[in-house]
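Take a look at the model below.

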Amino acid sequence: MKLEEVRAAEARLLLSTYDRSPIFFIGGEGVDLIDEKGERYLDLLSGIGVNALGCGHPAIVDTIARQSRALIHISNLYYHEGQAELALRLTERTGLDRVFFCNSGTEAWEGALKLARAHAGLRRSEGAKIGTRFLALEQSFHGRTLGSVSTTFKEKYREPFGPVVPGVEFVRFNDTEDLRAKFSDDVCAILVEAIQGEGGVRPLTQEFFAEARALASSTGALLIVDEIQAGMGRTGRWCAYQHYGIQPDVTTLAKPLAGGLPLGAVLCTEEVARVMHAGMHGTTFGGGPLACAVAVAVIDTIEKEGLLAHVTEVGDYFQQQLRELAARHDAILDVRGKGLMVAAELDSAELAKAAVGEMLKRHILINCTSETVLRFLPAYILERKHVDTAIVALDEIFTEHAAYATAHSQKGDAHG
Ligand SMILES: Cc1ncc(COP(=O)(O)O)c(C=O)c1O
């Protein structure tokens, strides 16, 4: 099928959940994607933070070939070596004790919410005073299934599916006073992203994060950190919370975990893990041999190729270049992020949308989140030369925009 045929068929056959750009990709190599005409695009989004090693990395391709010949799926009724191998690596790198494997970010988050409710229930049965409420943050994003969407801030994601799960209250982002005011022994968990992704690449302040940790510890509520977007090396550490020196009770991973195959994980402390018994929670596909083998290969490759240090180095360079751009263009209000989770906040939603389209015309993929924020989530193998290409393109786009705005305001002046 050609692009137009695919578009027509999808328009007729699929639920209209996505507003796709009219490009038809058939391949990829490193940080490039290749469309059906053979044209290359510099991918600064990596499938929304998934393809950490880019496209076609031999470690992933070879592992898929080898493991798919051996075993793709067996269910969770039997043993294979993948979950243990991966759990060993993940517990070592996150500082947590136990893992549950699932298939996606939202499923990991559902698992975390269920752990919090079950843990509170267990504590109550032991005589503790602890409720069932969740405190989530404004601008949070935790996924689209009913529990996840109930803890996701944006009304437009929740409202059509109401009533959503009750017992969730939103705290103003980084507002420690508001957190203190809303916290009580009614709360079973405080839910945060160390760096909000969809919410506009916004890091928690040290003060707010530390207060969340202290409050949760004061009653035995859980501090649950969603690392689905920021985790697995994206910020130059295995988890973004490690930049703060704060240890959660539960964390969730997904996106880059298996280098492009669907895999999610919930990790928790031994104290939290004691609530789970056989049959309480589960999944058919989660933690299958293929996805686990690839995830092991991704972690080993990140370490063998020194990619955490590389992410930090190229990410710092990216932010520095964006800051230089911001000094030349008033339209850029802020540059922020950590490692290769980078954002430039613009002064208008219209410009942000136009900039994504203009970048696409120049064969560079980025996206816009939180209306005004250009977001860059490239593969960890990105190099400085790719950053330079993006900066030249953005410079051109903002220069054209400024010239257009000036010409229009002069025309406006002339017409009185
Ligand atoms: C922080 C965070 N949590 C949860 C999710 C949901 O993950 P998934 O789309 O794999 O369900 C996302 C996805 O963007 C995310 O960024």
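## A mixed sheet

Strand S3 (residues 40–43) runs parallel to S15, and two bridges pair them. Strands here are DSSP runs of E with at least two residues, numbered from the N terminus. Two strands pair if DSSP finds at least two bridges between them. In S15, Leu365 is the bridge partner of Asp43.

The model is predicted, so local features need pLDDT of at least 70 and side-chain atom pairs pLDDT 80 or more, while totals for chains, interfaces and linings use all residues. Residues are numbered from 1 along each chain as its sequence is written, and side-chain values use heavy atoms, without hydrogens and water.

Now the whole sheet. It is open and has four strands, in the order S1-S2-S3-S15, with mixed pairing. Strand S1 (25–29) and strand S15 (364–365) are the edges; each has a single partner strand, so one side of each lacks a neighbour in the sheet.

## An antiparallel sheet

Another open sheet also has four strands. Their order is S13-S14-S17-S16, and the pairing is antiparallel. Strand S13 (332–338) and strand S16 (367–369) stand at the edges. Each has a single partner strand, so one side of each is left without a neighbour in the sheet. From one strand to the next, the twist averages 30°. Angles run from 0 to 180 degrees between N-to-C directions, and axes are lines fitted to C-alpha atoms, for helices over the stretch in contact.

S16 pairs with strand S17 (residues 373–376) over three bridges, in the antiparallel sense. Val373 in S17 stands opposite Thr369. Helix H12 (residues 307–328) packs on this sheet. H12 touches S13, strand S14 (341–346) and S17; contact means heavy atoms within 4.5 Å. The direction of H12 makes about 175° with that of S13. Helices are DSSP runs of H or I with at least four residues.

## The ligand site

Which residues surround the ligand? Among them are Ser104, Thr106, Phe141, His142, Asp226 and Lys255. The shell divides into two nonpolar, six polar and four charged residues.

Polar contacts are pairs of N or O atoms within 3.5 Å. A polar backbone atom of Thr106 is 2.8 Å from an oxygen atom of the ligand. A side-chain N or O atom of Lys255 is 3.1 Å from a ligand oxygen atom. The protein covers 82% of the 390 Å² of accessible area that the ligand has on its own, by the Shrake-Rupley method with a 1.4 Å probe.

Technical notes: Near = heavy atom within 4 Å. Polar contact = N/O pair within 3.5 Å; in protein donor to acceptor, adjacent residues only side chain to side chain. Nonpolar A, V, L, I, M, F, W, Y, C, P; charged D, E, K, R; others polar.
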